[in-house]
Amino acid sequence: MLGSGLLQGLAVTAKNFVGSFHDPKRFVTTQYPEEKTRLPEAYRNFPFLVSENAEDPMGTLRCVACQICEKECPPQCIYIEKSKDKKPDASGKQQIYPAVFDIDTAVCMSCQICVEVCPFDAIKMDQVFELAATDRFTGLMLDRHALAKPNSYFHQLHPTEAAEVDDRLATERKAAEEKARAAAAAKAAAAAKPPAVPPPPPAVVPLPPPVPPAA
Amino acid sequence: MSFSDPSPLSAAPGASVRAVHDEFHGDLLEVSMGPHHPSTHGVFRMMVTLDGETVVKLKPVFGYLHRNHEKIGENTSYLGSMPYTDRLDYLCSMTNNWAYALAVEKLAGQAVPERAEYLRVILAELTRLLNHTCLAGFLLQDCGASGTPLMYAFREREKILDLFESLSGSRMMCNYQRFGGCRVDAPAGWLDAARALTDGYGSFLDEYEALLTGNEILMARTQGIGCLSAKLAVSAGVTGPLLRAAGVAYDLRKVDGYGFYPRFDFRVPLGAHGDTYDRYMVRVLEMRESIRILQQALRDIPAGPIMDPKAKLRGFRPKPGEVYSRIEGPKGEIGFHLISEGGPNPYRYRVRPPSLINLTILEDLCLGHSIADAVVILGSIDIVLGEVDR
């Protein structure tokens, strides 16, 4: 019968209309500024820099200014200047640190490649998305002070990933300490013996080996 | 009107439909539709020559969204191009990722672990559901059913996007596939959520079809409109649901058997007339088959690694060579042509976008129909300008 398809369709819309008042399956709208949906753990927006200590964020940045992320960033939104001097990092080792670390969030496309290529777990993805600024240049250009967030904040955002990272870093640190202790013992043994043996390896072994930037 | 009238050919150069010139018909009217027009699905312009309301010539004008994608691909690393492929067809970033990853894997001779292959199939079929659902909504919007079908489609699409977000971190710009596997494993409970969605999708399709498939207005607006013959479709290089609606059994999932598709049992729906209604129906039936594939994949997915342990993220330099690799995207054959000279970035990077090549037959489909039908036909071709213009 002509029109039966129309009536069938109207029945569907009527069911949806009535359902939107009582059927929880059809309550799909979130009244955004008042209520917010819970973000999934994997959600990513813009990067931030991880620091070990919330009291002294600039002193305990994990970043050692190796500039790999700057090189790999597809839209080239990261700008890094290496420091001239060295500062002790979180584990007490003398390291170069970023004197300038800028991310232009107006250019960043949230692809997470900087996070994936970082060998030091120093840059991670933030979940803040309400970033409207009144100045399109300075308001969206984040420097290292704005980017630094403590490790505890990273644990809040991505608990699973942060736990993995902490485990990995602790294992690496332990391995480096063992290696340093073994090297020190070998050195002491070599000092006790007559100097016929070859020169001992350096006492301090680099903690995570600095990876040369890909050509 | 009848086109067998012995009247002179239309004045427009290249026009193949006879325009009638008598006391009831005036001169031809040239209308520029777009680039900013709600019916053109983005920044796309149709220069339409009209005789009354009948299209006698149609010239597609595009390039407004050109972003130099291929030149950028030649200047960034292989990995760096991956997030840019999200932005080709921004509704289907997962299949774009897969097509590109497949090309680079072929170039570098990398293997992909079994779990990652299953995840890729699952994500590709979810993308197909998402794309076809949206397409049906947009097509109805173009027919003048403003709101209801599109909003129902978007309600379901949002559930798939939530799955993508909890897996990859982003709703649309997923950037999920990597060379030799996938970036992260599915979080706890993700596969169960995907199973729940797959099981519920059939009832949504039933509801959606009750709303649309038997609707007399939809039938009147789409049946016999924009008929595409199998001969023209093949000679123009049309792929995807358009080709299958024209009755040609050509689905790369069956023809190439890439990924793990030969392991799954599914059928390829074909149209009989090649008109707009067939294009709509083929997509609905494809969604039903996608649900079948999803159910099998989600049942069989094994545990295990998701990344080839030999895969290199940084300093990736495939040996010199040339590949073309393609997959069946929701819109058709999406392929990547790469030439490597052994450097960190490809020497040549070229995309074969299904939308652009399917768009080339737009004039042939629209000639002789009214301008309102041209809008519906464009909607049924399913273009995304991010991919057409690149």
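In chain B, H4(B) passes H6(B) in a left-handed crossing. The structure described here is a predicted model. Helix H4 of chain B spans residues 114–143 and helix H6 of chain B spans residues 190–212; their axes come within 13 Å and cross at roughly 20°. Angles under 35 degrees count as roughly parallel, and H4(B) and H6(B) are therefore roughly parallel to each other. On the H4(B) side, the contact is made by B:Ile122, B:Leu129, B:Ala136 and B:Leu140. H6(B) contributes B:Ala194, B:Tyr201, B:Tyr208 and B:Leu212. By class, eight residues of this contact are nonpolar, with no polar and no charged residues.

The largest nonpolar core contains 131 residues, of which A:Leu49, B:Val104, B:Ile122 and B:Ala374 touch the most other members. H4(B) supplies the largest share of this core, 16 residues. In soluble globular proteins, nonpolar side chains tend to be buried together. When residues up to four places away in sequence are not counted, B:Val104 touches B:Tyr78, B:Phe179, B:Pro318 and B:Leu338.

Between the chains, 26 residues of chain A are in contact with 28 residues of chain B. On the side of chain A that touches chain B, at least two residues each come from helix H1 (4–22), helix H2 (68–72) and helix H3 (113–117) of chain A. The largest share of that side, six residues, comes from H1(A). By class, the side of chain A that touches chain B comprises 15 nonpolar, seven polar and four charged residues.

Methods:
Residues are numbered from 1 along each chain as its sequence is written. Chains are lettered from A and ligands numbered from 1 in the order in which they are written. This is a predicted model: local features need pLDDT of at least 70, side-chain atom pairs count only at pLDDT 80 or more; totals for chains, interfaces and linings use all residues. Two residues are in contact if their C-beta atoms, placed from the backbone, lie within 7 Å. Helices (H or I, at least four residues) and strands (E, at least two) are DSSP runs, numbered from the N terminus. Ala, Val, Leu, Ile, Met, Phe, Trp, Tyr, Cys and Pro count as nonpolar, Asp, Glu, Lys and Arg as charged, and the others, Gly among them, as polar. Axes are lines fitted to C-alpha atoms, for helices over the stretch in contact, and angles run from 0 to 180 degrees between N-to-C directions. Angles under 35 degrees count as roughly parallel, over 145 as roughly antiparallel, 65 to 115 as roughly perpendicular and the rest as oblique. A crossing is left-handed if the near helix is turned anticlockwise from the far one by less than a right angle, and right-handed if clockwise. A nonpolar core is a set of buried Ala, Val, Leu, Ile, Met, Phe, Trp, Tyr and Cys residues joined through C-beta atoms within 7 Å. A residue is buried if 20 or more other C-beta atoms lie within 10 Å of its own, exposed if 12 or fewer, and partly exposed in between; C-beta atoms are placed from the backbone.
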